[in-house]
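Me: I should like to learn how to read a structure of this kind, feature by feature. Could we begin with how strands are paired?

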Amino acid sequence: MLYSATINVMVKAARRAGRSLKRDLGEIEHLQVSLKGPANFVSLADKRAEEILYQDLAKARPGYGFIGEEGGTREGTDKSHTWIVDPLDGTTNFLHGIPQFAISIGLAREGMVIAGVIYNPANDELYIAERGKGAFLNDQRLRVAGRRQLNECVVACGLPHIGRGDHEEFRREMTAIQDRVAGLRRFGAASLDLAFVAAGRLDGYWERNLQSWDIAAGMLMVREAGGTVSGVQGNDDPLLTGHVVCGNEFVHGELVKILRKPA
């Protein structure tokens, strides 16, 4: 496949950071781990991967802004372009040796995400999307699943844990949805949940209380694969609200009906 220069820059950075993460995954018991909050672990591997991404992206595109989970916002001289980066989405999975984690890189122009790369170094799956040019997994074009009956659908969700999220609200939502679908899944990495919807592996996905770096690349991935993405109200922006719902047009609409709160 021939990709744009921007995508090539993103892929090169993701692969280099991925090699670092894969080495650390192999030595998981030796990682020095610090606590960043209740049950929210951050490792040296996480910080090291973000620095690799920052260095590579800044070298290739000097002046672009950079928003990273670990280092926060780094202003650039080019105010119209910003990298939105999660160097290790699925940190808890990673620290338990579960190979469901990813590097997520989104590029926003004037606030609109125009390119995205999601890379899982554990299985070498590389998802790519560029606005108006489609979404791909290892060079294969992606398309969301076409199911139009919720009782045939497998839907992923986030799962609140200690110190995070509204547990009662989630239980209400889960109860309402699990009565309607073929299966519910919780994988623990938002970027890959979105990528799985784009690939047709999952029919839908919803989660609350996310950050822009969790979903920027994945939202573009779903849309470029023909899916629909919004906040839980159906017409709101997940990058602003932190809540995301997605699937094909039908599944998205049905999930929003269940999750939407009255005005």
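Reply: In strand E5, the bridge partner of Gly 68 is Val 85. As a general idea, two strands pair if DSSP finds at least two bridges between them. Strands (E, at least two residues) and helices (H or I, at least four) are DSSP runs, numbered from the N terminus. Here E3 and E5 pair in the parallel sense, over five bridges. The model is a predicted one, in which local features need pLDDT of at least 70 and side-chain atom pairs count only at pLDDT 80 or more, while totals for chains, interfaces and linings use all residues. Residues are numbered from 1 along each chain as its sequence is written, and side-chain values use heavy atoms, with hydrogens and water left out.

Me: In which sense does E5 run relative to E6, and how many bridges join them?

Reply: E5 and E6 run antiparallel and are joined by seven bridges. Within this pair, Thr 82 stands opposite Ala 108 in E6.

Me: What is the order of strands in the open sheet of eight?

Reply: The order is E4-E3-E5-E6-E7-E8-E9-E10, and the pairing is mixed. Strand E4 (72-74) and strand E10 (140-141) each have a single partner strand and stand at the edges, so one side of each lacks a neighbour in the sheet. Further along, strand E8 (residues 125-130) and strand E9 (residues 134-137) run antiparallel and are joined by four bridges. One of the pairs there is Ala 129 with its bridge partner Ala 135 in E9.

Me: Which helix lies across E3, E4, E5 and E6?

Reply: The idea of contact comes first: it means heavy atoms within 4.5 Å. For directions, axes are lines fitted to C-alpha atoms, for helices over the stretch in contact, and angles run from 0 to 180 degrees between N-to-C directions. In this model, helix H2 (residues 44-60) lies across strand E3 (64-68), E4, strand E5 (78-89) and strand E6 (102-109), and runs at about 150 degrees to E5.

Me: Is Leu 88 buried or exposed?

Reply: A residue is buried under 20% relative accessible area, exposed over 50%, and partly exposed in between (1.4 Å probe, protein chains only). Leu 88 is buried, with a relative accessible area of 1%. Leu 88 lies in strand E5, a strand in which nine of the 12 residues are buried. Leaving aside residues up to four places away in sequence, Leu 88 touches Leu 21, Ser 43, Asp 46, Glu 69, Phe 94, Phe 101 and Ala 102.

Me: Which residues does UniProt list for "binding site"?

Reply: Such record positions are given in the numbering used here, with feature names shortened, and annotations may be inferred rather than shown by experiment. The unreviewed UniProt entry lists Glu 69, Asp 86, Leu 88, Asp 89 and Asp 214. These residues are spread over 146 residues of sequence, yet they cluster in space, the largest C-alpha distance being 9.5 Å. Among them, Glu 69 is in the loop between E3 and E4 and is partly exposed, at a relative accessible area of 22%.

Me: What is the order of the strands in the open sheet of five?

Reply: The five strands are ordered E12-E11-E13-E15-E14, with mixed pairing. Strand E12 (183-185) and strand E14 (228-230) stand at the edges with a single partner strand each, so one side of each is left without a neighbour in the sheet. On average, neighbouring strands of this sheet are turned by 15 degrees against each other, direction ignored. E14 and strand E15 (residues 244-247) run antiparallel, joined by three bridges, and the bridge partner of Ser 230 in E15 is Val 245. Helix H5 lies across strand E11 (154-157), strand E13 (204-207) and E15, at about 155 degrees to E13.

Me: Where in the chain is confidence lowest, and where is it highest?

Reply: The predictor's confidence in each residue is pLDDT, from 0 to 100. Where pLDDT is low, the predicted coordinates should not be read in detail. In this chain, confidence is lowest in strand E1 (residues 33-35), at a mean of 58, and highest in helix H5 (residues 190-198), at 99. The chain averages a pLDDT of 93, and 94% of the residues score at least 70.
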